[in-house]
Amino acid sequence: MPVTCREDNRCLTALVSGELDHHGARAVMNELDQRIDQAQPRELTLDLSGLTFTDSSGIAVLLRAHRRMTQVRGAMRVVSTPAQAGKVFRAAGLERIIRFE
Amino acid sequence: MKIENQVTLEFPSRSANEGFARTAAACFAAQLDPTLEEVNDIKTAVSEAVTNAIVHAYPDVLGKIVLKLRIREDHALEIIVKDWGVGIADVDQARTPLFTTGSEERSGMGFTIMESFTDSLKVRSSPGKGTTVTMVRKIARRAGR
């Protein structure tokens, strides 16, 4: 479950690809935590264009990233959400908390 | 309900088997000629049920999980996930959105997702004996097939 990050002027972009389930969720959370701690970004963009599958583990990952960004007083947005992941996030009502573009 | 075909898979509660279980379910369901969205719904529901068994049924030990897939004559897939783990004392509470006894990587949305992605969800559980989750997902019959 690879996470690829790039940072530009305190804007952090994280590309999450592959299948995100309970088996890989902890590693993704740890990677995002570490990147957020290091960069203290003004904005985090989670690019999900390469995400081929997620279940409720993805909900936990997004909520945690959102909480961390709130702690560092930064914004967060999620872009290029595939249809399957979007259906999971909508079923959880995540769009009321997180900005999807 | 008449069963037209079925398969039973047994595996230990290792998290690496989450991906295996949902992929196997998707392969078996292919006989119903589902749309991509229907396949994804099945994969998502299986992933949630199997993850629940791995995380909650056997918190400290490896245990047995059985996944049964049945194709019914009414063009529906029945998904049964059975474990012999700790069981759920209060099933209604466990099914409440955001309720979880798991750690931080759990969202408490597992049963909510299973409900949203299938046509019916039944949970039978007794503490100390185990849990059986039964889901049914109808697959639309497509014209010209």
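Analyst: Read from the N terminus, the elements of chain A follow the order β-β-α-β-α-β-α-β, which amounts to three helices and five strands. Here helices (H or I, at least four residues) and strands (E, at least two) are DSSP runs, numbered from the N terminus. The model is predicted: local features need pLDDT of at least 70 and side-chain atom pairs count only at pLDDT 80 or more, whereas totals for chains, interfaces and linings use all residues. Residues are numbered from 1 along each chain as its sequence is written, with chains lettered from A and ligands numbered from 1 in the order in which they are written.

The radius of gyration of chain A (taken over C-alpha atoms) is 12 Å, close to the 13 Å given for 101 residues by the globule rule (2.2 Å times the number of residues to the power 0.38), so chain A is as compact as a globular protein of that length. Its C-alpha trace spans about 30 × 25 × 20 Å along the principal axes. Of the 101 residues, 40% count as buried; a residue is buried if 20 or more other C-beta atoms lie within 10 Å of its own, exposed if 12 or fewer, and partly exposed in between, with C-beta atoms placed from the backbone. Two residues are in contact if their C-beta atoms, likewise placed, lie within 7 Å. Among the contacts of chain A between residues at least 6 apart in sequence, 72% join residues at least 24 apart.

The strands of chain A form an open sheet of five, in the order β1-β2-β3-β4-β5 and with mixed pairing. Its edge strands are β1 (3-8) and β5 (99-100) of chain A, each of which pairs on one side only; strands pair if DSSP finds at least two bridges between them. Within this sheet, β2 (residues 11-20) and β3 (residues 43-54) of chain A are parallel partners over nine bridges. In this pairing L20(A) stands opposite T54(A) in β3(A).

G58(A) belongs to helix α2 of chain A and is buried, with 27 other C-beta atoms within 10 Å. By contrast, R73(A), in the loop between α2 and β4 (75-79) of chain A, counts as exposed, with 8 C-beta neighbours inside 10 Å. R73(A) has a positive phi of about 55° although it is not a glycine.

Turning to the partner, 19 residues of chain A are in contact with 20 residues of chain B. On the side of chain A, the elements that each give two or more residues are α1 (22-39), α2 (56-71) and α3 (83-91). The largest share, six residues, comes from α2(A), the helix that holds G58(A). The predictor gives the complex an ipTM of 0.92 and a pTM of 0.94.

Helices α2 and α3 of chain A also have a part in covering a helix of chain B: what covers the buried residues of α4(B) includes them, together with α2 (36-57), α3 (91-94), β4 (120-126) and β5 (130-138) of chain B. Helix α4(B) (residues 110-117) has six of its eight residues buried, so it is largely enclosed by the rest of the structure. These buried residues are G110(B), F111(B), T112(B), I113(B), M114(B) and F117(B).

S120(B) stands opposite V136(B) in β5(B). Their hairpin has three residues between the strands, and G128(B) there takes a positive phi near 85°. Both strands belong to an open sheet of five strands in chain B, with antiparallel pairing and the order β1-β2-β3-β5-β4. Its edge strands are β1 (3-12) and β4 of chain B.

Elsewhere in that sheet, β2 (residues 64-72) and β3 (residues 76-83) of chain B pair in the antiparallel sense over seven bridges, with L67(B) opposite V81(B). The loop between β2 and β3 of chain B contains H75(B). H75(B) has a positive phi of about 65° without being a glycine, and is partly exposed, with 14 other C-beta atoms within 10 Å.
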